[in-house]
Amino acid sequence: MNRAHNFCSGPCTLPVSVLERLAADIVDYQGSGMSLLEMSHRSDIYDRVHHHTIDLLRRVCAVPDEFNILLLQGGASLQFAMIPMNLLGPGRSAGYVLSGTWGKGAYADASRIGEAYVAWDGNDSGFTTMPAASDLEVRPGVDYIHTTSNETIGGVRMPDLFGLDVPQVIDMSSDFLTRPIPWDNYDVVYGGAQKNLGPAGLTIVFVRKTALDQAPPDLPKYLDLAVHAKTDSLANTPPMFSIWATGLMLEWIIEQGGIEAMNAAADLRSGMVYDTIDASDGFYRSPVAVDVRSKCNMVWRIADGPGDIDLEAKFLAEAEDLSLLNLKGHRSVGGIRSSIYNGLPTSSVQALVDFMTEFASTNSKQ
Ligand SMILES: Cc1ncc(COP(=O)(O)O)c(C=O)c1O
């Protein structure tokens, strides 16, 4: 098979070895006579798969015992609502950092549920910066402060996952498992699996045990985090395929050297793209402040060429001819974006930077 170089912002490229293991077992799961996709989620076989993935998450992310690991559905989007439903008490407040599209989305949903306020707003800089701890408005008695570690669309990343004197909640959807998590600083860490660790359909929520049981008694069952904690995420039918595939991806991450290796790879591979941008004499332009450039989603612009030629459209068309796919920036911001997640081979990043260098040299002369 001719593998495309897939820079999709999510769902992500998975290593071929992980896909092959899924393929080998998809029809007859390890000699059981049926596919895992057909099995009861109450069966012993599935139970082992389920707990294997939870155990590997605990090991790879070094999750302390004070946290429950929940395997849910509904994406990070559902957590935008579930977290305030569970943690934001009546007459109390939560501060939200608006660092881009996703921070704003989390704030919008929390505002529908309770007293959410803006603790920091990146609007003035066009969402090209991130705050330091001292920039935040932390109101006394606040239930929590919500941040987004990596804005997938704007390509900005919190360089420091700082602590505060109040509980914090963080959306790590797009840089999950590419950096260590300072657990002491958080009550909830959450994100979808579909960028750095598996296929779509699984949302992972790490929640501090002491943050549970604050939900109002009339909260519907699925929306209550404590229900999932008490049942090991087996209160209802879990996303079995995604949990299985994520377990295989976690095994692959361990083989590569764990989080440290993923962190080093993210440094190296994002560096290859930013070096190419910075060496292009202004042909490519990153809008993001250098110290907060994302290591998973790199965004850049190309100015129109002579005669108003749309060089971004030309770049994307020529890239596609070389099987360099999904490089179009998000429709809300335009430009170019490469998403480089754990499962993407470094050879794909090399193919991208080779093309970028060639394209700049051909088109800047015109
Ligand atoms: C940082 C971030 N938060 C939240 C979401 C929404 O995630 P989901 O599609 O899993 O609901 C995304 C999706 O791309 C994201 O990148």
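## Before we start

Because the model is predicted, local features need pLDDT of at least 70 and side-chain atom pairs count only at pLDDT 80 or more, while totals for chains, interfaces and linings use all residues. Residues are numbered from 1 along each chain as its sequence is written.

Helices (H or I, at least four residues) and strands (E, at least two) are DSSP runs, numbered from the N terminus. Two strands pair if DSSP finds at least two bridges between them.

Let's begin with the strands. An open sheet is formed by seven strands, ordered β2-β10-β9-β8-β5-β3-β4, and its pairing is mixed. At its edges lie β2 (67-72) and β4 (115-121), each of which pairs on one side only. From one strand to the next, the twist averages 20°. Inside this order, β3 (residues 93-98) and β5 (residues 144-148) run parallel and are joined by three bridges. You can look for tyrosine 96, whose bridge partner in β5 is histidine 146.

Another open sheet has three strands in the order β11-β12-β14, with antiparallel pairing. Here the edge strands are β11 (284-285) and β14 (336-339), each pairing on one side only. Strand β12 (residues 297-302) runs antiparallel to β14, and four bridges join the two. Asparagine 297 stands opposite serine 339 in β14.

## Around the ligand

Which residues are around the ligand? They are Gly10, Gly75, Ala76, Ser77, Trp102, Thr148, Thr152, Asp171, Ser173, Ser174 and Gly192. A residue counts as near a molecule or strand if its C-beta atom, placed from the backbone, lies within 6 Å of it.

Helix α3 (residues 75-87) gives the most to this shell, with three residues. By class, the shell has two nonpolar, eight polar and one charged residues. In this sorting, Ala, Val, Leu, Ile, Met, Phe, Trp, Tyr, Cys and Pro count as nonpolar, Asp, Glu, Lys and Arg as charged, and the others, Gly among them, as polar.

Two packed helices are described by the angle between their axes and the distance between the axes. Axes are lines fitted to C-alpha atoms, for helices over the stretch in contact, and angles run from 0 to 180 degrees between N-to-C directions.

The axes of α3 and helix α4 (residues 101-113) come within 8 Å and cross at roughly 45°. That makes α3 oblique to α4; angles under 35 degrees count as roughly parallel, over 145 as roughly antiparallel, 65 to 115 as roughly perpendicular and the rest as oblique. The crossing of α3 and α4 is right-handed (a crossing is left-handed if the near helix is turned anticlockwise from the far one by less than a right angle, and right-handed if clockwise). From α3, Phe80, Ala81, Pro84 and Met85 meet Gly105, Ala106, Asp109, Ala110 and Ile113 of α4, where contact requires C-beta atoms, placed from the backbone, within 7 Å. Seven of the contact residues are nonpolar, one is polar and one is charged.

Helix α7 (residues 258-278) and helix α9 (residues 346-363) have axes that come within 10 Å and cross at roughly 0°, so the two are roughly parallel to each other. Arg269, Met272, Val273 and Thr276 of α7 meet Thr346, Val349, Leu352, Val353, Met356 and Thr357 of α9. This contact divides into six nonpolar, three polar and one charged residues.

Helix α1 (residues 16-26) packs against helix α6 (residues 240-256) at an angle of about 140°, with their axes 10 Å apart. These two helices are therefore oblique to each other, and their crossing is right-handed. Ser17, Val18, Arg21 and Leu22 of α1 make the contact with Ala245, Leu248, Met249 and Trp252 of α6. The classes here are six nonpolar, one polar and one charged.

Most residues other than glycine have a negative phi, and most peptide bonds are trans. Now for two exceptions.

The peptide bond from glycine 10 to proline 11 is cis, with omega near -5°. Proline 11 sits in the loop between β1 (5-6) and α1. Aspartate 232, a residue other than glycine, has a positive phi, near 55°. Its place is the loop between α5 (225-230) and α6.

Terms used. Contact = placed C-beta atoms within 7 Å.
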